[in-house]
Structure formats: structure tokens, C-alpha cells
Amino acid sequence: MPEQIYDVIVVGTGTGGSSLAALSARAGLKTLVLEKNPRIGGACSGYEKDGFHVDFGTHLCTRGGKGAVGEVLKRVGAASRVEFVQPRKLCRITGLGLDVPLYTSARTLFKTSFRLNHQLGVTWREFPAMWRLTRDLFWMDEAKIDEWDNKTVEEFISRHSLNPGLHAHINVIMALYFVYPYWKSSAGEAIWCTKRMLESKAVSYPKGGTIMVPRVMLDAAKYFGATLLTRARVRKIMVENGAACGVELDDGRKFRGRAVVSTSSLKDTVFNLTGAGHFPDDFRERVKGLQESHNAIQIKLALDRKVIQEGSLIVLGSPGDFRPRTATIPRVHQVYEDLLAGRIPELVPLYLVVPSNFDPRLAPPGKQIVTMCTGVSLTTTKLQDPQEAWVEVMMNALRKVVPGIDKHIIWKEVVGARAIESWIGKPGGPAISTAQVPGQVAGERPAIRSPLPGLYIAGDGAGGRGVGTELAAMSALECAEILEDDFRSGRIS
Ligand SMILES: Cc1cc2nc3c(=O)[nH]c(=O)nc-3n(C[C@H](O)[C@H](O)[C@H](O)COP(=O)(O)OP(=O)(O)OC[C@H]3O[C@@H](n4cnc5c(N)ncnc54)[C@H](O)[C@@H]3O)c2cc1C
């Protein structure tokens, strides 16, 4: 039998890999998708337990079916197969003196921002500055946004206000967007994401669980002829005559491909899967120096009744006496210094999603499933406070805003930083493998086409713009176009 040669081999089935597989198969390219885990989906995977559907990660899609994820689904003819849902009570920011409900209706926006500013201790005198800040987030033109790409969110906010409560709040929001501190994150990227999120009014959750997005993409890929293998860990990206030519799996199987697309992190792809020697020095140095976002600790709670009304909560907790209203900017910085050093910080924000409030079928009748997480250092930094202590601080923060929750817990599962690392396969377990910081966004984001002919990077490691899943899907859209061009022009032989 002659050896099968695929046009495209995709490593990984997260949002990036599954989107790319669907687009590539839809374009008529013979596509093989390889996933090391027994289940597909990467960070958006999920599993069943005692009648509850449990998301592997903690997710909302900032642009639902209207952004890059929606665009991929549309291009592969599967838009109607994922329903994004949005309850009226979308979110509540609560804890440490704050209590602000966020509704989906734009009409409530003024009331919400007034309430938030008031609770953060923003004075009347600062309101014109707050208005200018809001105006920028809604209406800044694209050229102006580009100018902010290489400046930090802190620089942007400081131009408007030095109110520490506001800085603490923005720091929490950036932790949700980019899983990185606001003084390191790119202002242009943050404005780009916020503007589009507000325009789309589509922050939502996919009915059936976050796994629906990669599952539908992979169903489309298979429909267009792609082959999917799970439990298929790529050990090595093979290189012949100075070009990537296929992959070798842990079990020794080899597959040849004219193009290989890795959706693991760039560091993993270059240093572990391919071998640094195949890349020019300057590229190697760049990849070595890339900043990655931090990791997370997650708790999943199965509850015996519907305890939380909102679709999601942003809970602010503190093991000490931190209050956004009385904080100082150095104290806000210290929160992340501690987190990055593996210490429990003074402010522990929880990002909590209640999937069964979006789709009641995700829990048995009358019950509720809750997923929540907080940021923690990469596994390359040893936790100075043990994981159990982090979990206790998270639970205490939750108990303060949802009193009596303990008596409704049927079971509790902890997914620590090491479990996340091992599942997504990106060393250290970064939630965003190429962090969205100045020098790593927009035109300066690592390129999808690597310097090694035949090797491409997609997902949250290269290309794209947006929050998490949007970033990965946009990167896949860009990668699919590059592949088509390279096949058409003969760049891929
Ligand atoms: C806890 C948490 C919460 C998050 N919350 C949000 C949120 O609310 N909203 C949002 O938009 N984003 C969120 N994100 C970020 C978002 O999930 C990711 O940015 C995005 O899903 C990444 O997609 P990806 O395809 O690049 O990679 P991943 O989803 O990480 O997928 C990579 C895949 O590649 C596979 N793989 C790796 N190495 C190999 C190998 N050698 N062989 C075979 N397979 C391999 C892995 O098993 C995995 O399936 C969150 C992330 C985390 C961790």
C-alpha cells in the first residue's frame, strides 16, 4: 500500500485546532486531526458526572455567534448547530463592598456604570473622565486603537483616572480577558476586544456546554472528509530536507503531511516537538522570550438546588482587608506580584459561570452546576501556598456572597494548575499561550507561518485577536487563508 500523505495535519482539537480542521477540510484539503486526550476540545472540553455536564474550563464567549467563532461556524455551514444563549441576568460583580448587576440590555449601561463608579469610590469630579473612558471603549477608531497596541492598559486608564478602585476593577477585568495583569496587558488589544464585545452585545454560552463549539467544528471537518484520531499524542514533528513533512506519535505511528499545524504553544512546538535546531537563531530567541499568560485553579460544584440566579459572577474575595474603594495602586500591583510568585494575594477574584443557568439540561432537574476559577502562577513556579489553601480562600470568597452554599454542595472537584497543564498540553499551563502584551499583539503577534517551511502555528499561540476562544478561532481563520494561499502558490509542495 502506498503511504497516505495528508495535505494538512492539525495537532490539537481545542477551539483553534477544531476550527482549522473544519476550514481546511471545507477547502478540500485532505486533513488529519490529532488529539492526545481521550476527549476532544482542549480548554473547551467537558465531561459527564452523576447527570451533570461539567465544562473542563470556565467559559463565556465574548462575542457568541457574532465574532470569529461564529464566522468559522458560518463558513463551514454549521452556524445553526451551535446556539449561544444569554440570560437577562448575565452577570453580577460582587464582594468586598461591590454589588453591581450587569444586564444584557444596553439601556441599563448608564445605570450600571454609575453604580459601579459610585461603589468604586469614583467622585463626581471624576465623572467627565469616566465618560471619556467609556467613549473611548465604544467609539475609538481603528487607527487610534493601533496606537495603543504597544502601550499597557494601565497607561491607558491612568490617562483618564488614577482612582485606585477603578484600577483594581480594571485589573480584575484584564485577568478575565487576558489572564494577565493590567499593567502588562496591551491597551490596544483590550480596547479592540471591549469595543467589539460591546458592539456585538453577544456575550453568551453555547447550549450543550462549551464542548459544543469544538464538537460541531470537528463534525463539520469529518463531514468534509477529515480524519480525527484521539489518544494520538504527537511526540515529534518530522523534518526532512529543511521542511516539516509529518508527525510521529508516542505509539510510534507516523503520518506524512505537506503542512503541519500545531496548536500547542509556540515554546512547546519549537523546543519540544520540532527541535530548536530547525529554526534560525533570531526566531528561537524570540520564542524563548515570549511572555505567556498565567494558569488557573478551578473548582466545580454540583449543587442540589438552584442557588445562584445569575449566569455568571465576578466575585471579589480577600483573605485580608483589601477593599477596592480604599486600595492604592501599589497594592493593586502587589496582588499580581504575589500571584505570579505563587503566593495567595490580598485580592482573590473568582470568575464563576453557572452553565445550567444558560442551559438547564446541563444539570439534573432542579439542580445546578457551577464552575469557577482564579488565576495562579504557571506550574514552572512552585506554589508557595499549597493548592488546598487557594481552594479554601476561593470557597471563603464564595461563601461570603452566597451564604449557606456549603449545605447545597453534592460534590466538589478541584482542577489545579497541573491538571490544566497536563490536559491542554502547553508546558506551564498558560490559559493564553502567547500573552496579549505590547510587542505580542496585532502586527507584532508571532506569525502563523513559521520560518520552517511546512510548519504553521494556530490557536492562542500565534496570529488572531480577541479574548481566548475568539483569539484561537480568529487565528484559525487566518491560518486557513494562509494555507490556501501557500497551496495555491506552490509554496507548499
Ligand atoms: C480556566 C480557563 C478559563 C478560560 N476562560 C475563558 C473564557 O471565559 N472565555 C474565553 O474566550 N476564553 C477563556 N479561556 C481561554 C481559552 O480557553 C483558550 O485561549 C482557547 O480555548 C485556546 O484554544 P487553543 O485551540 O489554542 O488551545 P487548547 O484549547 O488549549 O487546545 C490545545 C489542544 O492541543 C492538544 N495537544 C497539545 N499538545 C499535543 C500533542 N503533542 N499531540 C496531540 N495533541 C496535543 C491538547 O490536548 C489540546 O486539546 C480560558 C482558559 C482557561 C484555561
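View 1. A backbone N or O atom of Leu60 sits 2.8 Å from a nitrogen atom of the ligand. Such a polar contact is a pair of N or O atoms within 3.5 Å; within protein, one atom must be able to donate a hydrogen and the other to accept it, and residues adjacent in sequence count only if both atoms are side-chain atoms. At Asp460, a backbone N or O atom comes to 2.9 Å from an oxygen atom of the ligand. His59 uses a polar side-chain atom, 2.7 Å from a ligand oxygen atom. Taken alone, the ligand exposes 1000 Å², and the protein buries 97% of that (Shrake-Rupley method, 1.4 Å probe). The model is predicted: local features need pLDDT of at least 70, side-chain atom pairs count only at pLDDT 80 or more, and totals for chains, interfaces and linings use all residues. Residues are numbered from 1 along each chain as its sequence is written, and side-chain values use heavy atoms, with hydrogens and water left out.

**View 2. The shell around the ligand.** The ligand is surrounded by 36 residues (a heavy atom within 4 Å). Glu35, Thr58, His59, Tyr351 and Thr469 are the closest. The shell holds 15 nonpolar, 16 polar and five charged residues. Helix H1 (15-26) gives the most, three residues. Strand S13 (295-303), helix H15 (417-424) and helix H16 (469-489) each supply at least two. Helices (H or I, at least four residues) and strands (E, at least two) are DSSP runs, numbered from the N terminus. Domain 1 (5-84 + 208-291 + 433-489) and domain 3 (292-424) both contribute to the shell, so the ligand lies between them. Domain bounds come from an automatic or database domain assignment.

**View 3. Domain 1 against domain 2.** Domain 2 spans 112-200.

**View 4. The loop at Glu126.** Glu126 is in the loop between helix H3 (109-120) and helix H4 (127-139). Leaving aside neighbours within four places in sequence, Glu126 contacts Gly121, Ser161 and Asn163. Glu126 and Phe138 are 12 residues apart in sequence and 19 Å apart in space, C-alpha to C-alpha.

Definitions and conventions
Nonpolar A, V, L, I, M, F, W, Y, C, P; charged D, E, K, R; others polar. Contact = heavy atoms within 4.5 Å.
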